[in-house]
Amino acid sequence: MDGSEPGDLVAAAVISGAPVDLQARTVRIFRPAKTATQSGDWHGHQWRMDWDILQKGHRWENPLMGWQSTADPLHSTHLNFKSKEEAIQFARKQGYEYFVQEPNVRKFVPKAYANNFVHSPSKLKKIPTK
């Protein structure tokens, strides 16, 4: 994409003069799942965009500590958006290839402790203790 393609949207990376490695990146747009210890939905309304890891060998093991190091400045960067459409528009404007991961819909089944003691007309279940 060099800005001469037909269309009304010119990628910002073409105008900014960013290196080619940063222009042709693939981003993932998703809504993060809440952690296992959360019971509410406070942070479940935002969409996040992060960059895929470069596959050209930009990672190495740090000889001092043994940690993974990277030369990718966008490796641990993410952006938050209010809606999926805002994230898609931003990715298009920047000239990134993108894919959207739709969130899994959780099926909520209401439960009550009192249902354990509801009378049923079937035979009584006997549980032997010995």
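Phe90 has a relative accessibility of 27%, and therefore it counts as partly exposed, where buried means under 20% relative accessible area, exposed means over 50%, and partly exposed is in between, with a 1.4 Å probe and protein chains only. Please keep in mind that this is a predicted model, in which local features need pLDDT of at least 70 and side-chain atom pairs count only at pLDDT 80 or more, while totals for chains, interfaces and linings use all residues. Residues are numbered from 1 along each chain as its sequence is written, and side-chain values use heavy atoms, with hydrogens and water left out.

Let me turn to the rings. Rings of Phe, Tyr and Trp (for Trp, the six-membered ring) pair if their centres lie within 6.5 Å, and planes under 30 degrees apart count as stacked, over 60 as edge-to-face, and the rest as tilted. The count by this rule is three aromatic pairs. One of them joins Phe81 and Phe90 in a tilted arrangement, 5.6 Å centre to centre with 45° between the planes. Phe81, at 12% relative accessibility, counts as buried. Tyr113 and Phe117 form an edge-to-face pair, with 5.4 Å between centres and 75° between the planes, and both of these residues are exposed.

Now to the strands, which are DSSP runs (E, at least two residues) numbered from the N terminus; two of them pair if DSSP finds at least two bridges between them. Strand β2, residues 47-51, has four of its five residues buried, so it is largely enclosed by the rest of the structure. β2 pairs in the antiparallel sense with strand β5, residues 78-81, over four bridges, and there Trp47 has Phe81 as its bridge partner.
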